[in-house]
Number of protein chains: 2
Amino acid sequence: MRRVVIVFFLMILLCPFLLVAQETDDFWNDSDIGISGFHYVNPFIGTTNFGTTNPGAVLPNGMMSVVPFNVMGSETNKFDKDARWWSTPYEYYNKYFTGYSHVNLSGVGCPDLGSLLLMPISGTLEVDYKKYGSAYNDEKAEPGYYSNHLTNYNIQTEVSATRRTSIARFTFPKGESHILMNLGEGLTNESGAMLRRVNDREIEGVKLLGTFCYNPQAVFPIYFVMRVNKTPLQLGYWKKQRAMTGTEAQWDPDNGRYKIYTRYAKEIAGDDVGAFFTYQTKKDEQIEVQIGVSFVSIENARENLDKEQPGFDFENVRYKAMLEWDKQLSRIDVTGGTEDEKTIFYTGLYHLLIHPNTLQDVNGQYPAMESAEIKTTKGNRYTVFSLWDTYRNVHQLLSLVYPEKQIDMVRSMIDMYKEHGWLPKWELYGRETLTMEGDPSIPVIADTWLRGLRDFDINTAYEAMYKSATLPGKENLMRPDNDDYMSKGYVPLTEKYDNSVSHALEYYIADFALSRLAADLGKKDDSVLFYKRSLGYKHYYDKKFGTLRPILPDGKFYSPFDPKEGENFEPSPGFHEGNAWNYTFYVPHDIPGLAKLMGGKKAFVNKLQKVFDENLYDPANEPDIAYPYLFSQFKDEGWRTDREVNRLLKKYFKNTPDGIPGNDDTGTMSAWAVFSMMGFYPDCPGLPRYTITSPTFDKITIHLDSRYYKKDKIEIKIVRPTPNSIYIDKVQVGNKLLPSRFITHEELVNSGVICFILKERE
Amino acid sequence: MRRVVIVFFLMILLCPFLLVAQETDDFWNDSDIGISGFHYVNPFIGTTNFGTTNPGAVLPNGMMSVVPFNVMGSETNKFDKDARWWSTPYEYYNKYFTGYSHVNLSGVGCPDLGSLLLMPISGTLEVDYKKYGSAYNDEKAEPGYYSNHLTNYNIQTEVSATRRTSIARFTFPKGESHILMNLGEGLTNESGAMLRRVNDREIEGVKLLGTFCYNPQAVFPIYFVMRVNKTPLQLGYWKKQRAMTGTEAQWDPDNGRYKIYTRYAKEIAGDDVGAFFTYQTKKDEQIEVQIGVSFVSIENARENLDKEQPGFDFENVRYKAMLEWDKQLSRIDVTGGTEDEKTIFYTGLYHLLIHPNTLQDVNGQYPAMESAEIKTTKGNRYTVFSLWDTYRNVHQLLSLVYPEKQIDMVRSMIDMYKEHGWLPKWELYGRETLTMEGDPSIPVIADTWLRGLRDFDINTAYEAMYKSATLPGKENLMRPDNDDYMSKGYVPLTEKYDNSVSHALEYYIADFALSRLAADLGKKDDSVLFYKRSLGYKHYYDKKFGTLRPILPDGKFYSPFDPKEGENFEPSPGFHEGNAWNYTFYVPHDIPGLAKLMGGKKAFVNKLQKVFDENLYDPANEPDIAYPYLFSQFKDEGWRTDREVNRLLKKYFKNTPDGIPGNDDTGTMSAWAVFSMMGFYPDCPGLPRYTITSPTFDKITIHLDSRYYKKDKIEIKIVRPTPNSIYIDKVQVGNKLLPSRFITHEELVNSGVICFILKERE
């Protein structure tokens, strides 16, 4: 009782006071404001337990990333890329380093990129990664910098990056030393490379990448130029020779082995080729290596390198990387919370800013979508759109904090449509990999527009969205089962693992977003049509099980049915990467309608609570990621959101290598944590609204971009009477109490100050 | 008796008359003079029985050759390149065609080149050569043109060539058709290629070649541009995927197979890649394909193609090839002889003119020797110098009939020294393959100079020759065992199969040639030094066996010794590709000295005769190739030369696919036949002299190049009383009777008319 009184007092006393005094920062304890979020980033978070992030050096949305590659070549590794499904160049608990991979994916579920392996060794030349690899220790990582010590060779390695180039600094022992560039291996399953000596200190080449998620046609080249700052005694190549038989095998000394080319110095090409630079190094001699890349041409890779690193200066590159990260991460300041919580938060923000990546070169050129054509952009052309993941929260967070990036991403998506005829589904360096399902560009673009970010070609965007929403399935790259969907309102199950329900659920949310956009654009009929469609999910609701359930072509439910089938990424009839429980509540645009089907609010809340209580919730994948926020749609049930979000944050997001529950999915898991720790979450794509929950920190300042928003910041202040006060009592937005658990995007960005009053118990 | 009288009468009557009337051609029956040698060439001669020639389309000394490639992929082939030692892209009795290979070696003993396989198919796309190959019939070949009919596909194929480019014309049946460019296979054991789509009708790329005779560092690139004259419905790539294991194998649909790339259109690189052009063809629709190559760059390959074939015109290319061959082959006219003999003769001349090849592009650029540097020549830069073979007779024949070629070849050799520090041994596209042994550039250059062809930098040449003749073995690329050779006068056998005697024999003949050159240049001391050295062969003569015999480091002869050991290309201690019998007489510069060792003329002649009588002579390789001419060094024994040469010509040189006794060795076997059929042979390299024998024809006219020789032709007229008159009775040179069996080069080229009077019996 006393506590309640104190809280009330604080609320009355502090919040109104602050509303008046918000321009002065003298009330709050801002002693740690000088400490940038940069210093809180722990790049090792998510680097095991299938988080598939990595501690490599990268700039925000940089084309280049430099990652310690440690997933092949030795049984001392716990995980080997070739021994199981594997999708990351780095695993925290592995032991065997085989070089730095250049340009990598972070937080994805399929193998690709992670090639151009740069390895320093000492002693006799060895080009077989199964032999030249090394144990290592003393790992250090911060945004834009990574370092380790190769114990087999006593070599200190450090790497940093600019937007499109890398620099490595190797500190060698005395004696024979070599620097290897291995184009034969990497995370990608695509093979084949060509390289060419340019002069004593420079090589250039191209390597094939692709087959992401085993899509055989999703193939693209990476071009590179590599320079060393010391002329080697020898610059040679290697190529693994094809296995021969008979006479040839008898006579060819290199049959089936790595052949060393010491005299040949023109183009070398093959499945498994590389180059070596040989030195005699003095004790502690440092040699630096630069690599510039491009997805357009070798010439552009060279221009990128020339422009971004005119000379060799490791410290300068590292310093500029730090400045850039500091600038980006400083868009949100937080006060309070534990050191771990700050680390989790800023690392989440860091992971948010890794993908999508810069695709265009310094001269603006980029490879057009699904084409050999080269185009030029004046802005930023982004790539790596894992949209089935990121449409849920990544783009909403970008729209809020990094609107200039989000605008360019939407423009990039629309340009892809212009080039290829389709908005992207899962775009990777100019290839539509067609990974996962749905029509996820629609909610991203609609949501961006509806949040007030409108500096893009909405007419073309609408044309593209309308096309995929309405074209017959046969011609429809986004919605191959659109015929049934349009005529019946659902997608029937025609093959056991056709993911039909998941497909339809994606179409529903896309059509909901499209209907809201259409309404905003004055396209009333379209709006009505797509909204109606978005409610088609009801076909799938099966009263018997109380879940969604696949429907057969004859209209009957699929049998035998087990809503739990599909846990732990096992296949499940009708559902993709999940089971009926993970998908049943995924109609965020019509929770009241779903509740009605389920028998009303109470039945809904009980069932949703059961999902959490009986471990039917999967924190490691996207379909049910917003479930905890759904309680808040019902009066007096929002405390459950607070409870579950707090519990999930504590349980699954940690300042440890296993601190992300599953694939980070190019920042989607991280965005969930970042939003949740700030106390609000965009649980319905296409609806410019957040559901609130109790924040983690005492104060959060979001600096807004004045080109897009009227106010220059949002200050979120939290009154937390006790450390255990995890429930929202009241929220004051500007000078009004928030009447519900929802706050619109417009309210948020114009609020100035938001004050959360928390309490210990509901 | 009557016959002798008639012959004498003819001699008296005809030869003097002709000496007067030689400007008028009305006496001789010249009715067939209008028939060019061109029509007598049978490109199928030597295409089986390890002649290793081929019936492909090529210009004289052309860079480009287009050869039906039929040595892999099917058990219907009698010989498979991967099943045994194999060195030719074509075998007459094979059945399975897998495309046209572009740029090939003719008559060599090691595999290389023979790549860029161009294959037309009809029906469903198939890129695996084990499946897409075809049986064929209706082979036709003439200089610069080849044609066949692919029975599996009902496709007529025809090919022709310019100097650096090719053209193919495929006549397709109605339906789906494809044109394949396979860069994954070929005769070379080196692998790896890169190719790139330029536009709908053009691709470009580079393929690695080399490892000739399994020299792993003798590697070089071939660049190409390929064009089609009809836009395909699709242009795609393939690449054989590396075999995967585990999860990757399970998921990758192309694991270990040929993957078809339908969307990717940038650079593709790998061990086994190719491109396909897909058409719907009408019945008998013809599609033409051009390929330009370069050893400098893709740009040069394109320029070569643009300049040599500005448009598609198959007939024009073929016609120009015919004109060029006609011009070159018309340098020698023959009358008389059988049709087969003329065919053998002109085919020999044809084979003589295949190698060495043009290396420079139309813009004069070529790759410098053993370097990545590009240089420019104003003349012709030649490549493919199989000098251990060709120094014996090829360059002597070129000096006589094609002096402008020989001069450029010598200049090329000297330039190689300037670029690389060494004259060539076995040079292949800018690589010193170090195949076979000795110092064979010395006799070639010395011989050329001594024949009066002197328009080259003799000072640099001498510097280069002196270097290899005198540098210690450790630093000596040409003579690695020069220390013992210089100090002891011979090379001892230090390893069983070190070919030590063969090495020394090559040094002796080189030093003999060098001593003659030194004398000519006024370098008396050098001349004496090298001449003395050239007699060191005497160390090897073992009286016990009456042959040369390896010497051990302690100075004793190698035991146990069998002079026959080494027949049929079996290894032999001390001797390379032969046994003691094949080498014992190989001191052509000191036959009198050798005879003395053997116990005089009679012992020598008997022993040499025994070589022929007891099948100790190997007509299939070079060491004993000049043996039949050695009889003529002894008075009254020249008839044995006539007999053996006539016998060997009849037995081993035929107008049949097996019509060359062994590897043609880039024209060396053919040059032996050409010289022998004309009645003279240069049996001692470095000595500008020929040994005569009875010619095959009734009249031979050698048209001389007036830029190099005073007379414009040599007319050789043969009086052959009966068809069996194979022995020389008398020879009249100009207006003098030849007093011996020798004629100097100077006498020959200034003779005007030479009249051979033959007789039936000795």
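This briefing covers the interface between chain A and chain B, then the confidence of the model. The model is predicted. The complex has an ipTM of 0.92 and a pTM of 0.94 from the predictor. Chain A and chain B bury about 4600 Å² between them.

**Extent of the interface**
- On chain A, 56 residues are in contact with 56 residues of chain B.
- Carbon and sulfur atoms give 49% of the buried area.
- Three residues stand out: Y214(A), R242(A) and R263(A) supply 15% of the area that chain A buries against chain B, more than any other three residues.

**Polar and charged pairs**
- Ten salt bridges are counted between chain A and chain B.
- One salt bridge joins the side chains of K259(A) and E190(B), at 2.7 Å from N to O.

**The side of chain A that touches chain B**
- Elements that each supply at least two residues to this side are β10 (193-199), β11 (202-210), β12 (219-228), β13 (234-240), α3 (246-251), β14 (258-261) and β15 (268-270) of chain A.
- The most comes from β12(A), with four residues.
- By class, this side holds 25 nonpolar, twelve polar and 19 charged residues.

**Confidence along chain A**
- Mean pLDDT is 94 for chain A, and 95% of its residues reach 70 or more.
- Residues 1-5 of chain A have pLDDT below 50, and this stretch has three contacts beyond near neighbours in sequence.
- Residues 16-34 of chain A also stay under 50, with 27 contacts beyond four places in sequence in the model.

Methods. Residues are numbered from 1 along each chain as its sequence is written. Chains are lettered from A and ligands numbered from 1 in the order in which they are written. This is a predicted model: local features need pLDDT of at least 70, side-chain atom pairs count only at pLDDT 80 or more; totals for chains, interfaces and linings use all residues. Side-chain values use heavy atoms; hydrogens and water are left out. Contact means heavy atoms within 4.5 Å. Buried area is the accessible area (1.4 Å probe) that two parts lose on being put together, summed over both. A salt bridge is a side-chain nitrogen of Lys or Arg within 4 Å of a carboxyl oxygen of Asp or Glu. Ala, Val, Leu, Ile, Met, Phe, Trp, Tyr, Cys and Pro count as nonpolar, Asp, Glu, Lys and Arg as charged, and the others, Gly among them, as polar. pLDDT is the predictor's confidence in each residue, from 0 to 100.
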